[in-house]
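This briefing concerns one protein structure, shown below.

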Amino acid sequence: MKTPVRIAVTGAAGQINYSLLFRIASGELFGPKQPVILHLLEIPQAMDHLQGIVMELEDCAYPLLYAIHPTHDPNVAFRDVDYAFLIGARPRGPGMKRADLLDANAQIFATQGQALNQHAHRNVKVLICGNPANTNCLVAIANAPELDSKNFTAMTRLDHNRAISMLAHQCGVLTSDIKCMTVWGNHSCTQYPDVYHAKVKGKPAIQLIDEQWVIDTFVPTIQFRGAEIIKIRGQSSAASAANAAIDHMQTWVNGTAHGDWASMAVPSDGIYGISKDLVFSFPVTCKNGGYEIVPDLEINKISNERLKLSEKELQEERKQIKNLLRNRK
Ligand code: NAX
């Protein structure tokens, strides 16, 4: 057995974690030889509920689950952690404006960024899922000046997986036959699922599907899939979000397959003309625990307009929370 890794998970009593925690503890994330220690963060009001989840985790008798540390203190939750899944966030309450929601969540991620900065392992890998994920990630980075900004990523893997699944269905192939899917931009309705570089059994997807279907059906279906699930299920995506979080972290740690890539929201370095001060979803390849944005893809006019729209939305989000970005240039 290897030395256990410490994994912090926030929003531990929420619905995504009712799937995610059990999958991590069972060994699905890092395999059957990697013991884990879970650091579970919740708000004080949810600690009783969290205790019930801790009891259920114990009742699974997972051989790889060496210890569980539930807490409402970020300074305890992030101590010495190797991985952090920042899932918990404030949901939109009645009468709450989008700006209020942005502000409330930015405060949470500023505090958590500071605690990670102080207490986490220097190579910690942080996945931000709580919405607005891209901008929360930007805030966390700004508040963790002693950690490399490349330690922080936000999740667009659920959108990526949705796009793969829909394209595979349309082409009558398996999801494993689809490569090089990309979701660009913000994890919001301005995200842009791009099939122009995708391949189906090695062939350019765009040669196999009708471009009008892409524009009229594919793009809006993926953009509004989350809202559609809420309408039908009465609750937002949970098991599929947990699945995407596992996929995202596994890809980051184990690497992307040769000839393929994944979508991750990461700090922009100005590539594809996207401003440097944003966390934007790009196609990335992963290797040796790091990632690189895929360079030199040709971006057509249709795609470029969509990228700019999502960039504009992120710039507006950034403007609203700029007071929390002061700790890093
Ligand atoms: P829930 O409302 O079920 O759970 C959120 C949990 O976070 C609650 O238990 C709450 O007490 C806790 N929490 C709130 N503030 C906290 C803080 N400061 N520290 C620690 N815990 C805190 O939401 P759930 O369905 O689990 O979704 C969690 C977040 O993921 C939401 O923001 C949601 O919008 C976002 N999502 C993001 C996705 C993505 O692809 N990036 C997809 C799924 C999901 O919609």
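The points that follow describe helix packing and then salt bridges. The model is a predicted one. Helices H4 and H5 pack against each other with their axes 8 Å apart, and a search of the whole structure finds 8 salt bridges. Three of these topics' details, in helices H8 and H10, are set out below.

**Packing of helices H4 and H5**

- Helix H4 spans residues 98–119 and helix H5 spans residues 133–142; the two pack at an angle of about 40°.
- This angle makes H4 oblique to H5, because angles from 65 to 115 degrees count as roughly perpendicular and those under 35 degrees as roughly parallel.
- The crossing of the two helices, H4 and H5, is right-handed.
- On the H4 side, the contact is made by Leu 102, Asn 105, Ala 106, Phe 109, Ala 110 and Gly 113. On the H5 side, these residues meet Thr 135, Asn 136, Val 139 and Ala 140.
- By class, the contact of H4 with H5 comprises 6 nonpolar and 4 polar residues, with no charged residues.

- Glu 228 and Lys 231 form a salt bridge through their side chains, at 3.8 Å from N to O.
- Both residues belong to helix H8 (residues 225–233), where Glu 228 and Lys 231 are 3 residues apart, about one turn of the helix.
- Glu 228 is partly exposed, its relative accessible area being 36%.
- Lys 231 has a relative accessible area of 66% and is therefore exposed, the cut-off for that class being over 50%.

- Lys 308 and Glu 311 are joined by a salt bridge in which the closest N and O atoms are 3.0 Å apart.
- Helix H10 (residues 301–320) holds both Lys 308 and Glu 311, which are 3 residues apart, about one turn of the helix.
- Lys 308 is partly exposed, with a relative accessible area of 34%. Glu 311, at a relative accessible area of 6%, is buried, because buried means under 20%.
- A salt bridge also links the side chains of Lys 312 and Glu 316, at 3.6 Å from N to O.
- Lys 312 and Glu 316 lie in helix H10 as well, 4 residues apart, about one turn of the helix.
- Glu 316 is partly exposed, with a relative accessible area of 38%.

Notes:
Residues numbered from 1 in each chain as written. Predicted model: local features only at pLDDT ≥ 70, side-chain atom pairs only at ≥ 80, totals over all residues. Heavy atoms only, no water. Axes fitted to C-alpha atoms, helices over the stretch in contact; angles between N-to-C directions. Parallel < 35°, antiparallel > 145°, perpendicular 65-115°, else oblique. Left-handed = near helix turned anticlockwise from the far one by under 90°. Contact = heavy atoms within 4.5 Å. Nonpolar A, V, L, I, M, F, W, Y, C, P; charged D, E, K, R; others polar. Salt bridge = Lys/Arg side-chain N within 4 Å of Asp/Glu carboxyl O. Buried < 20%, exposed > 50% of the residue type's maximum accessible area, 1.4 Å probe, protein only.
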